[in-house]
Amino acid sequence: FVEADGGLSCWLEYNADLFERSTVERWAGHFKMLVSSVVEGGLDQKVGEVEILPASERSLLLEGFNDTAADYPGDKLVHELFEEQARRDPDAVALVFGGGEMSYGELDARSNALARRLREERGVGPDVLVGMLVERSFEMVVGILGILKAGGAYVPMDPSYPAERIRYMLEDCGADAVLVNVDIDEGLLPGGCSTLDLRDERIYDADTSGLERIGSPSDLIYCIYTSGSTGRPKGVLIEHRN
C-alpha cells in the first residue's frame, strides 16, 4: 500500500506459474468489494454483514451453481436403469477392480442369479432388509444389485466394525439374511439370521434371466446407519425415488 492523492493505492504481486491472471483479478475485486463494504457500513458493522462478492458472482454461486434440477425417470427402480444399460451394451466394462474387469452382461447375469435365490429361497421382497457384510469387491456390487432385483433393500456394514456394532445393526433392522464375502463368526449373528457367501460360485449357476419386477419407486432401496448422538447407530431409510 502507498499513500497517493490523499488516499491509498495498492497492487498485488503473484506467481504466474501458480495462479491465472483472471483468478488474481477476481481476488482483487473481492478485496475492493470488502473495503467498500467496510467503509460504507461503518465501524459498527458485523463481520457477517461485510460483503466481498459483487452481485453477479453472488448470483452465480447461490443460484447458478445450485440450478441442478434435471428430469429423471421417476417411475423406474434404480436397478432397472442398470438393466437398460446392460441390454444396450452388454460387452462394455461395468466394473474394474484389482486388475480385473466385469462386463455389464456378466454383472447383470450374476446379480439375476443371486436375486432369484434371494427371492425364492429367502423370501426377499419389497421393504425386506438384507445385510451386506462385505469388503470392496466385484461381489459387493453383485450383492447390491441382487438384493434390489429381488425387490429388497440392502444394509451396508463394514467387516471391520466391532462385533457388537454389527450385531446391534442386524437386530435393529430385523435382517434375516446377510451377504458376506469374508469369513465371520456366525455367533455374532442374531437368532434367525443366516449368511450367504457371495464367493460361492454355486450361487451363480441358477437361472440368470431377468426377474419379474415387484415393488415401486416408493419402496426402500437401502438403510444406512449413522453413528447416532447417543453412541448407538441410527438407521436412515432411503427409497428408490430418493
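In this predicted model, Glu25 forms a salt bridge with Arg21, with 2.9 Å between the closest N and O atoms; a salt bridge here is a side-chain nitrogen of Lys or Arg within 4 Å of a carboxyl oxygen of Asp or Glu. The two residues are four apart in helix 1, and are therefore separated by about one helical turn. Helices (H or I, at least four residues) and strands (E, at least two) are DSSP runs, numbered from the N terminus. Glu25 is partly exposed at 45% relative accessibility, while Arg21 is exposed at 56%; buried means under 20% relative accessible area, exposed over 50%, and partly exposed in between (1.4 Å probe, protein chains only). Residues are numbered from 1 along each chain as its sequence is written, and side-chain values use heavy atoms, with hydrogens and water left out. As the model is predicted, local features need pLDDT of at least 70 and side-chain atom pairs count only at pLDDT 80 or more, whereas totals for chains, interfaces and linings use all residues.

The structure holds 15 salt bridges. One of them joins Arg213 to Glu80, whose closest N and O atoms are 3.0 Å apart. Arg213 sits in the loop between strand 8 and strand 9 (220-226) and Glu80 in helix 3 (residues 78-88), so this pair ties together parts that are 133 residues apart in sequence. Glu80 is buried, at 16% relative accessible area, and Arg213 is partly exposed, at 37%. A further salt bridge runs between Glu83 and Lys149, with the closest N and O atoms 3.7 Å apart. This pair, too, links distant parts of the chain, with Glu83 in helix 3 and Lys149 in helix 5, 66 residues apart. Both partners are buried: Glu83 has a relative accessible area of 15%, and Lys149 one of 4%. Asp108 joins Glu83 and Lys149 in a network of salt bridges.

Ser137, in the loop between strand 5 (129-133) and helix 5 (138-150), is buried at 10% relative accessibility. Its side chain reaches the backbone nitrogen of Met140 at 3.2 Å, and a polar atom of that side chain lies 3.0 Å from the backbone oxygen of Glu135. Asn181, in the loop between strand 7 (177-180) and strand 8 (194-197), is also buried, at 8%. The side chains of Asn181 and Ser137 make a polar contact at 2.8 Å, meaning a pair of N or O atoms within 3.5 Å; within protein, one must be able to donate a hydrogen and the other to accept it, and residues adjacent in sequence count only if both atoms are side-chain atoms. The Asn181 side chain also reaches the backbone nitrogen of Glu135, at 2.9 Å. Leaving aside residues up to four places away in sequence, Asn181 touches Leu133, Val134, Glu135, Ser137, Glu139, Asp197 and Arg199, where contact means heavy atoms within 4.5 Å.

A search of the whole structure finds zero disulfides, a disulfide being a pair of cysteine sulfur atoms within 2.5 Å. The sulfur of Cys173 is 6.2 Å from its closest cysteine sulfur, in Cys223, which is too far for a bond. Cys173 is buried at 15% relative accessible area, as is Cys223 at 3%.
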